[in-house]
Amino acid sequence: MLNTVYFDPKFSDEERRKQIYSGQIVVFSPRPSIQALAEHARQMIEEAFAPLDPLTAQFHMSVEEYVAIGAPLKPKFIHHPRTKELIRDVLLDLKCEAEKTYLDVPRLRLTTSNGYLTSGVGYAFHPHRDTWYSAPMSQLNWWLPIYDFSSESSMAFHPRYFNEPVRNGSRNFNYYEWNSNGRKNAAQQIHKDERVQPKPEQEVELDPQVRVVCPAGGIILFSAAQLHSTVPNTSGLSRYSMDFRTVNLDDVVNHQGATNIDSECTGTSLRDFMRCTDFSRLPEEIVSTYDTGPVSDGVLVFQPH
Ligand SMILES: [Fe+2]
């Protein structure tokens with residue numbers, strides 16, 4: 001159960017990870033390093049939608065046109081060399097251990113308002129844990145808004161399930177299979193989403209839920225094992241956010257992290273992570289201790305075209 005949302009705590013990196021593994025959430029106020037990252041994303045988004053305002057562009061174009069702008073913007077942002085450098089700067093500024101912190105490439109999320117686009121590149125996430133998608137139990141999720149947003153366009157946590165298992169489809173999820181088939185066709189999923197994803201297989205009580213709202217330039221940090229979902233956006237404005245993930249080498253080696261209460265997926269996303277300092281990958285002999293199922297017939301690391 002989530003007990004505490006910590007604002008700008010003075011924890012060491014290690015203490016902070018422990019708190020998050022036990023279900024706490026950490027929020028950082030706006031600071032220059034995060035603002036620089038948000039500003040970089042904002043520039044790319046504004047360039048893509050110009051001359052329209054990205055927050056209201058959806059009201060001036062067909063959903064197909066919106067997707068035609070949004071779909072190429074995502075990989076462009078994700079793989080822009082400046083993006084991972086700015087993320088590294090944020091992590092070092094927030095006292096992550098440089099030599100031991102590994103990060104993956106960020107995701108850019110477009111969450112339009114009024115049910116305009118809720119699939120594919122604008123996927124509105126059902127309640128899930130990232131650990132159902134082969135994230136390690138030590139994964140931390142860093143979520144940051146690119147513009148100010150409101151409760152009506154936020155993300156919801158469902159904290160009672162941090163310690164309570166949810167029957168779910170993760171047993172059918174294999175990360176390598178997802179890399180080879182599941183994730184590449186997002187841009188084609190405009191009116192409905194046919195990608196097979198791990199979902200709850202029981203009634204989930206979405207209320208009471210906790211929504212955390214911080215200004216652009218801040219970050220919300222939580223465990224990959226938190227059950228969370230996209231709030232149906234009724235704010236009247238599109239919401240743009242990004243999120244990236246980190247793991248700490250010691251915790252990966254020692255298989256430490258949140259407790260696995262209901263994830264049964266196979267494969268691991270650990271090969272996606274790069275060390276903060278030199279962007280080198282985790283040693284394969286460590287990663288392979290996370291491979292519980294067959295590694296054949298799939299793609300270990302997703303390569304977008
Ligand atoms: Fe998630």
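View 1. Asp130 is buried, with a relative accessible area of 13%. Buried means under 20% relative accessible area, exposed means over 50%, and partly exposed lies in between (1.4 Å probe, protein chains only). The model is predicted: local features need pLDDT of at least 70, side-chain atom pairs count only at pLDDT 80 or more, and totals for chains, interfaces and linings use all residues. Residues are numbered from 1 along each chain as its sequence is written, and side-chain values use heavy atoms, leaving out hydrogens and water.

The iron ion has the protein donors His128 (NE2), Asp130 (OD) and His228 (NE2), at 2.2 to 2.3 Å. Donors are N, O and S atoms within 2.8 Å of the metal (3.2 Å for Na, K and Ca); water is not among the atoms, so sites may look incomplete. The spacing of the donor residues in sequence is H-x1-D-x97-H. Asp130 sits in the loop between β4 (107-111) and β5, and His228 in strand β9, so the pair ties together parts that are 98 residues apart in sequence. Helices (H or I, at least four residues) and strands (E, at least two) are DSSP runs, numbered from the N terminus. His228 is buried too, with a relative accessible area of 6%.

**View 2. Gln139 and its surroundings.** Gln139 lies in the loop between β4 and β5. Gln139 is buried, at a relative accessible area of 1%. Its side chain makes a polar contact of 2.9 Å with the side chain of Asn141. A polar contact is a pair of N or O atoms within 3.5 Å; within protein, one must be able to donate a hydrogen and the other to accept it, and residues adjacent in sequence count only if both atoms are side-chain atoms. Leaving aside residues up to four places away in sequence, Gln139 touches residues including Asp130, Phe222, Arg245 and Phe273. Contact means heavy atoms within 4.5 Å.

View 3. Helix α4 covers residues 81-93. At 1.5 Å a residue, its 13 residues should span 18 Å; the end C-alpha atoms are 19 Å apart, which agrees. The expected span is 1.5 Å times one less than the number of residues. Thr83, Leu86, Ile87, Val90 and Leu91 are buried in α4. They cover an arc of only 140 degrees around the axis, which puts them on the same side of α4. The arc is that of the directions from the helix axis to the C-beta atoms. Among the elements covering these buried residues are α2 (32-49), α3 (63-78) and β10 (239-248). Lys95 follows α4, with a positive phi near 70 degrees.

**View 4. Strand pairings.** An open sheet of three strands runs in the order β7-β6-β9, with antiparallel pairing. Its edge strands, β7 (210-211) and β9 (228-230), each pair on one side only. Two strands pair if DSSP finds at least two bridges between them. Two bridges link β6 (residues 155-157) to β7. Phe157 stands opposite Val210 in β7. Elsewhere, five bridges join β4 to β10, again antiparallel. Arg109 has Ser241 in β10 as its bridge partner. Four of the five residues of β4 are buried.

**View 5. Ser22 in its loop.** Ser22 is found between α1 (13-21) and β2 (25-28). Ser22 is partly exposed, at 36% relative accessibility. A polar atom of its side chain lies 2.9 Å from the backbone oxygen of Gln19. Ser22 and Ser223 are 201 residues apart in sequence, yet 8.4 Å apart in space, C-alpha to C-alpha.
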